Amino acid sequence: MNRVAAPWVRTRLRTAPGAACALALLVALTACLAAAFPRALDRYADASLQHDLRHARPDRTGVLLTSAQPGLGSDAEQWQRDMRPGPLRERYDSTLGIVAGRLPVDRTQSAYGVRTTESIEVSEPWLPRPSGVNPQVHLAAQEGLGDHARLSAGRLPRTSGTPVDVDAGRVEAAVTTETARAMRIGVGAVVHVPRVASAPLAVHVTGILAPRDPDGAYWATQPVLRTPSLVKVPGPPGADTDKYWLGALLLAPDAGPALLGTTGSPVRYWQFAPDTGALRAHDLDRLNSAVAALESGPGLREVRSAVAPDTDVSTDLDEVFAAFDRLRSGIGPLVTVAAAGTGTVAGVVLLMAAGLAADRRRAELALLRARGASLRGLVGRLLAETAVVAVPAGALGLGAALLALPGARLVPAVAAAVAVTVVACAALPVRAAVAHRAVHVHGGRRDVASVRPSRRRTVAELTAVVLAVGAVETLRRRGAAGQADDLVSFAPVLVGVIAALVLVRVHPLPLRRLARPAGRLRGVVGHLALARAARTSVSAVLPLLALLTALTTAAFGGAVLTGVTDTRDRAALLTTGADARVEGTGPLPSALADRVRRTPGVDGLTGVSITYEARTSNGRQTLPVAGVDPAAYAKLAARTDLGAFDAGDLRQPEGEEVLRALASPAVAERFGDEPFLARMEDGTAVTLRISLVRDLTPAVFGDEFVVVDRAGLSAEVARPNVLLLTGDHVDAGALRRAAGDAGSVILRAQERARYVDSPLQSGAERLYAAAVAAGAGYAVLALLLSLLRAAPERAALLARLRTMGLTRSQGRRLLVLESLPQAVLAAAGGALTGWAAVRLLSPGIDVTAIALASASSPAGRTGLRTDPWSLGVPTVAVLVVAVGAAAVQAWWSGRRGSVTELRAGDSG
């Protein structure tokens, strides 16, 4: 019996092909889902990282190496030689190996050359001067102009046969189309660039270039090379200072030495663009180390050895990585909670499938043991026949996941699929080994009335209780993010485990009490159903655990998704103050309100005049003061639930000079209930006294605000500069057309959509929804397996009772009533456990990371929100499936007939 014979496996598969196919389908599906989860998470994380890199712009993500101009005592001839294309190329090749050894580099977008670091003022009279200030330019001799731009006019700049040096009086240059259009530079123009100790350098423009990839790193790492800009002259804050144009002249690559004589402090530079498509989120720690090594570690030492001792390396890649890591750290633990719940339910279903097979074959395995089969040989045969089915199925599921989700790590997916396959292979042999350690032929009853819990089971249950309590308390104290461990991720699962253990021990007691009065009723169906339900199998803990865990995970997932929705809605409402907001830089036209009010979808309009920098009594502190119509504004505050108040408490009584004010807690704490003076932007002053304190208000978002009756303000200050609109379906296009250039338009719906900024956010929501759906599916499967397990015994009992005169309708009622108590128990217990889990774990859960694109939330920290649908729908589904399955079983048993069932063998 120690050797596993092939005929045994082949015979078993031929004997029960249906069971083998069902096991293969279950293992393949579970392995596919298990392997797909880490790959989907990887893909979302990689897409999010690349999204952040794209939005960070190449001037932040590029690695820039610069070597400054030498001092007065340096060898000028050597420095001129170092600024020519040959030496620059040699150092580019050297540093490329150093940088590419740590970060993937996009060589097609990387470049090198010489440029000025300080802009140089030029005085050509034909150049534009918006404020009468001379424009300024940068000079750059960057390699590869011809490869990254096409000629729009003229030709590329070049040098004559004589090498350009510091004393050159004339060089050629090109400009981009944007520079040419903004600064009115055409082919043939000459720009005279001042120099330190000689005549100005004459720069002849020979061509106008159109960049092939304007947003690529070649052009966007130093945006001034591509696009000129209007720069403000430094002045007092808020002052309307002068502006001047700043652009760039692109010299021939071998004209770099000519920059040495200018006042622009030229440097040599080598810019390396990262290959964002090759960066992976799971390599983030290594990438951070690589960036740190280049900026201030071994990489910097190697760069300085290859270029010059004063070479500097700069990049903002580490900041981009840090922002992504914060987002991932906030989302990851929440997704792990959902995966833990679904994984637990799937594992329970695999164990239940093995338990069903072991129960169906109990007599066969007991007979083999009685005839001398060793326990090791029996386990080996069971392992072989299970592995023949499970291993190919697991491989098929893994292959499906790999094909469906390419481009992610292989090892986590393989590990997950292997874990599922191992559980599927080992469940039946282990179950048989435990059940058939001792040789016996006839087993006793296996219900809770005859089998009492052992001491080991009691100790195991108490240990689970301690672990659950510890996990919940840990989660409440330190949260799901940061340093949370696996135990905390399993907190909702452990809550379901405890509930299942408690319900399994407690539920027979009320059923037995109900069975006594039911016995005094007419008919035997009710009493018999309750009596049988009270004598449920001792193995009912597994299906109950699966159901409670799935219902808890569904409730927890629904609470997370509801919390995300509420957070986005609240944050968008706090930003806009209503369903839409029209705000101008000054008073809005008087006719605008009527035009906006007629916009489709607008139900209400409230005008507000906001003075953002009203000065208080000491003249040094400012705060925003909003002037409103108390009646309309009170209605708006009540509708939006942003600091509702009674309009009469804010309305200014006739004859009073001191204005009543609604203020934030911070302002109320500063000024108390004493009158204080506020000077408006038009120079008028009003005296205010705080009569109402609210945390929020629609007109102004922030910690400091004051709202007053605008009837007490001057006519100039009281003119509305903000319109707050309400309406369920405001037409954004029509509203913008109505507003025109009078003010900016912000819609609550569009502001809400802006919060979903990262693929990791939307991916986490999809994964959560998929995990909840998969858990619910496995819970239904667990319920069906539990019913299948008891189906032979119930069918035999129904057949015996029919021989005693039980009608078909009574048989249907018996099976339905027998299954109903356990279904009600599981449904009610699951709903209660899910609600309790949300309430217990909410203090430690913050869904802001999933809900919003930024780390700071206008709505503050947001916990879980109980979702009635995620509690009610799965509960009703459990009842419907349980009752429906019992009714179908009764109908099928009635079709087969009592004689057929009794000939099939007595399974009871």
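Here is a short chat about a predicted model, covering some salt bridges, a helix pair and one serine.

Colleague: How many salt bridges does the structure hold?

Modeller: For a pair to count, a side-chain nitrogen of Lys or Arg has to sit within 4 Å of a carboxyl oxygen of Asp or Glu. With that cut-off, the number of salt bridges in the structure is 20.

Colleague: Take arginine 280 and aspartate 46: how many residues apart are they?

Modeller: Their side chains meet in a salt bridge, at 3.8 Å from N to O. Arginine 280 is in the loop between β11 and α9, while aspartate 46 belongs to helix α2. So this pair links distant parts of the chain, and the separation is 234 residues.

Colleague: Is aspartate 46 buried or exposed?

Modeller: Buried means under 20% relative accessible area. Aspartate 46 has a relative accessible area of 6%, so the word for it is buried.

Colleague: Which residue forms a salt bridge with aspartate 316?

Modeller: The closest N and O atoms of that pair are 3.8 Å apart. Aspartate 316 lies in the loop between β12 and α11 and its partner in helix α3, so the bridge ties together parts that are 256 residues apart in sequence. The partner is arginine 60.

Colleague: And glutamate 302 with arginine 102: which of the two counts as buried?

Modeller: These side chains meet in a salt bridge of 3.3 Å, N to O. Glutamate 302 lies in helix α10 and arginine 102 in the loop between α5 and β2, so the pair ties together parts 200 residues apart in sequence. Glutamate 302, at 35% relative accessibility, counts as partly exposed. At 18%, the one that counts as buried is arginine 102.

Colleague: Let's move to helices α12 and α13: at what angle do they cross?

Modeller: Leu365, Leu368 and Arg369 in α12 meet Leu375, Leu378 and Leu382 in α13. By class, that contact has five nonpolar, no polar and one charged residues. The crossing is right-handed. The axes come within 10 Å, and the angle is roughly 145 degrees.

Colleague: Last one: which residue's backbone oxygen lies 3.2 Å from a polar atom of the side chain of serine 609?

Modeller: Serine 609 is found in strand β14, and at 1% relative accessibility it counts as buried. Leaving aside neighbours within four places in sequence, its contacts include Val625, Arg710, Leu713 and Val717. The backbone oxygen at 3.2 Å belongs to valine 717.

Conventions:
Residues numbered from 1 in each chain as written. Predicted model: local features only at pLDDT ≥ 70, side-chain atom pairs only at ≥ 80, totals over all residues. Heavy atoms only, no water. Axes fitted to C-alpha atoms, helices over the stretch in contact; angles between N-to-C directions. Helix = DSSP H or I, 4+ residues; strand = E, 2+ residues; numbered from the N terminus. Left-handed = near helix turned anticlockwise from the far one by under 90°. Contact = heavy atoms within 4.5 Å. Nonpolar A, V, L, I, M, F, W, Y, C, P; charged D, E, K, R; others polar. Buried < 20%, exposed > 50% of the residue type's maximum accessible area, 1.4 Å probe, protein only. Polar contact = N/O pair within 3.5 Å; in protein donor to acceptor, adjacent residues only side chain to side chain.
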